[in-house]
Amino acid sequence: MRMIALIRADFLKQRHTSYWGLHIAIPIVGAILFVFYFLLYQNVDELKKLRLLLELTAMVFPLLISIIVGLNITQEERASHFQSLLVVPDRRKVLLAKFIALYLSGIFSLMLLFTLFAIGAGIMPWGLLLQSVLGLAIGSFIIYALHLFLSLKFGLGISLFWGVFECLQCILYSNIELHGPWRLIPFSWSVNWVHDVLYGRLAANTAQWILIAALSVGILLTILHWFSCWEGRKNNE
């Protein structure tokens, strides 16, 4: 119950900010553009169009995450120099609640984007779309965790810079095929999942995806442990 209260409290902090406006406006604009593209090129194979839209989402999502997480942490810094996060008895629960709030908000935007897109585009391979969107949601887990760490440790600028770098990496991995250990690179997970779903390779790579899930959880736990020992940025001491 305390975790639910902490998540709710984190949402309440965003009531008078642009937080929810961004999470609603961006998916609506994206869905309109996606529907326009999907209906305009009716002669192109549906799977090719769907792949392009999913890859585009995987490319843009890290940059949006870097902005949202960076602004959220900047708000904490300006309000109290992180004291509201550092003085509580169990910091890890507070940070975990913030992570969950950010992650759920991102999933909400992702679902809103593709729900509106599906309604506007009409008939399409629904099963592949749902599986792909699920993969985009899972792939963003590690992105949120990394940007939470970067924003706390270094600030909005580094988080934004890293988001741009992740976008460039996603563009690269959408054009080349990764094999073996290279598939464990975090920036490639969303794109790899989309390709596995669309090309029917998901079952063959089940072991890799289980390992990736374990790595994601492990990295989040490491960040939570780091935060429990963190004393704030030096420039705030």
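This is a predicted model: local features need pLDDT of at least 70, side-chain atom pairs count only at pLDDT 80 or more; totals for chains, interfaces and linings use all residues.
In helix α8, the buried residues are Trp189, Ser190, Val191, Asn192, Trp193, Val194, His195, Asp196, Val197 and Leu198. Helix α8 is mostly covered, since 10 of its 10 residues are buried. The buried residues of α8 pack against α3, α6, α7 and α9.

- Asn192 belongs to helix α8. Its relative accessible area is 4%, and Asn192 counts as buried because this value is under 20%.
- Apart from neighbours within four places in sequence, Asn192 is in contact with Leu178, Arg183 and Trp209.
- Just after α8, Gly200 adopts a positive phi of about 70°.

**Packing of α6 with α8**

- Two packed helices are described by the angle between their axes and the distance between the axes.
- Helix α6, which spans residues 126–153, packs with α8 at an angle of about 160°. The axes of α6 and α8 are 8 Å apart.
- The arrangement makes α6 roughly antiparallel to α8, because angles over 145 degrees are placed in that class.
- The crossing of α6 and α8 is right-handed.
- On the α6 side, the contact is formed by Leu128, Gln131, Ser132, Gly135, Leu136, Ile138, Gly139, Ser140 and Ile142. On the α8 side, these residues meet Trp189, Ser190, Trp193, Val194, Val197 and Leu198.
- By class, the residues in the contact of α6 with α8 are nine nonpolar, six polar and no charged.

**Packing of α3 with α7**

- The axes of α3 and α7 cross at roughly 170° and come within 7 Å. Helix α3 is therefore roughly antiparallel to α7.
- Helix α3 contributes Ala58, Met59, Val60, Pro62, Leu63, Ser66, Ile67, Gly70, Leu71 and Thr74 to this contact. Helix α7 contributes Leu156, Ser159, Leu160, Gly163, Val164, Glu166, Cys167, Cys170 and Ile171.
- The contact of α3 with α7 has 13 nonpolar, five polar and one charged residues.

- Glu76 is buried, with a relative accessible area of 4%, whereas Lys13 is partly exposed, with a relative accessible area of 35%.
- Glu76 and Lys13 also take part in a network of salt bridges that links Asp10, Lys13, Glu76 and Lys98.

**Salt bridges: the pair Arg51 and Glu55**

- A salt bridge joins the side chains of Arg51 and Glu55 at 2.7 Å, N to O.
- Because Arg51 and Glu55 are four residues apart in helix α3, they are separated by about one helical turn.
- Arg51 is partly exposed, at a relative accessible area of 26%. Glu55 is buried, at a relative accessible area of 7%.

**Salt bridges: the pair Glu177 and Arg201**

- The side chains of Glu177 and Arg201 form a salt bridge at 2.7 Å, N to O.
- This pair links distant parts of the chain, 24 residues apart. Glu177 is in the loop between α7 (156–173) and α8 (189–198), and Arg201 is in the loop between α8 and α9 (206–229).
- Glu177 is partly exposed, with a relative accessible area of 38%. Arg201 is also partly exposed, with a relative accessible area of 27%.

**Trp20 and its contacts**

- Trp20 is placed in helix α2.
- Not counting residues up to four places away in sequence, Trp20 touches Phe11, Gln14, Ser105 and Phe108.
- Trp20 and Ser105 are 85 residues apart in sequence, while their C-alpha atoms are 8.3 Å apart in space.

Definitions and conventions
Residues are numbered from 1 along each chain as its sequence is written. Side-chain values use heavy atoms; hydrogens and water are left out. Buried means under 20% relative accessible area, exposed over 50%, partly exposed in between (1.4 Å probe, protein chains only). A salt bridge is a side-chain nitrogen of Lys or Arg within 4 Å of a carboxyl oxygen of Asp or Glu. Helices (H or I, at least four residues) and strands (E, at least two) are DSSP runs, numbered from the N terminus. Axes are lines fitted to C-alpha atoms, for helices over the stretch in contact, and angles run from 0 to 180 degrees between N-to-C directions. Angles under 35 degrees count as roughly parallel, over 145 as roughly antiparallel, 65 to 115 as roughly perpendicular and the rest as oblique. A crossing is left-handed if the near helix is turned anticlockwise from the far one by less than a right angle, and right-handed if clockwise. Contact means heavy atoms within 4.5 Å. Ala, Val, Leu, Ile, Met, Phe, Trp, Tyr, Cys and Pro count as nonpolar, Asp, Glu, Lys and Arg as charged, and the others, Gly among them, as polar.
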